[in-house]
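Let's take a friendly look at the pockets and salt bridges of this protein. Please have the model open as you read.

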Amino acid sequence: MGTEFLRFARQVGAVLIAAAILGGYPLYVYWGVDMVRAAAVGCGIGALNALAGGLSAIWSFDRPQPVFLKALLGGMVVRMLVICIGLVLLVKFTTLSVYGLVFSLFSSYLLFQILEIRFFVKRAAVRRDSRSGV
């Protein structure tokens with residue numbers, strides 16, 4: 001469990017670093033430091049969501065199918081609810097740029113979902129190969 005999650009966490013970290021390098025300076029130049037802060041918060045929320053999804057995937061993968069589906073789908077609903085509540089609180093009680101926050105959160109969410117799906121597919125392939133004796 002530990003090495004799989006660390007590998008996934010490294011991928012998430014690499015995406016965050018790439019986003020900071022590729023997007024940080026243009027955001028700063030065109031929209032200022034406030035937009036950079038909002039984008040950083042949005043990307044951070046997306047990254048935490050992805051890490052939580054990776055942990056729930058690792059925990060539930062070797063469980064019976066009903067438990068796996070409850071963890072997968074129920075965990076997704078809970079994570080989306082937490083993100084929505086956090087987004088509403090951030091918009092209401094902070095001075096972060098709403099556009100930067102929402103756009104970066106949406107973008108990072110989509111990107112990290114791709115990483116999560118890749119993680120599931122690779123894990124399923126390894127599990128299938130180990131069961132078939134390949």
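This is a predicted model: local features need pLDDT of at least 70, side-chain atom pairs count only at pLDDT 80 or more; totals for chains, interfaces and linings use all residues.

## The largest pocket

The largest pocket holds about 410 Å³ of space. Its lining counts 21 residues, and nearest the centre you will find Ala-19, Leu-27, Ala-39, Cys-43 and Ser-104. Helix H1 (2-31), helix H2 (33-60) and helix H4 (98-132) each give two or more residues to this lining.

About 210 Å³ of space lies in the second largest pocket. Ten residues make up its lining, with Glu-4, Arg-7, Phe-119, Lys-122 and Arg-123 closest to the centre. Both H1 and H4 supply two or more residues here, and H4 gives the most, with six.

## Salt bridges

How many salt bridges does the structure hold? There are two. One joins Asp-34 to Arg-37, with the closest N and O atoms 3.2 Å apart. These two residues are separated by about one helical turn, because they sit three residues apart in helix H2. Asp-34 is partly exposed, at 47% relative accessible area, and Arg-37 is partly exposed, at 47% as well.

The other salt bridge links Glu-116 and Arg-79 (3.3 Å, N to O). Glu-116 belongs to helix H4 and Arg-79 to helix H3 (residues 65-93), so this pair ties together parts that are 37 residues apart in sequence. Glu-116 is buried, at 5% relative accessibility, and Arg-79 is buried at 12%.

Notes:
Residues are numbered from 1 along each chain as its sequence is written. Side-chain values use heavy atoms; hydrogens and water are left out. On a 1 Å grid over the protein atoms alone, a cavity is a set of points where a 1.4 Å probe fits but cannot get out, and a pocket is an open set with protein on both sides within 12 Å along at least five of seven lines; lining residues have an atom within 4 Å of a point. Grid points are joined across faces, edges and corners, and a volume is the space filled by probe spheres set on the points. Helices (H or I, at least four residues) and strands (E, at least two) are DSSP runs, numbered from the N terminus. A salt bridge is a side-chain nitrogen of Lys or Arg within 4 Å of a carboxyl oxygen of Asp or Glu. Buried means under 20% relative accessible area, exposed over 50%, partly exposed in between (1.4 Å probe, protein chains only).
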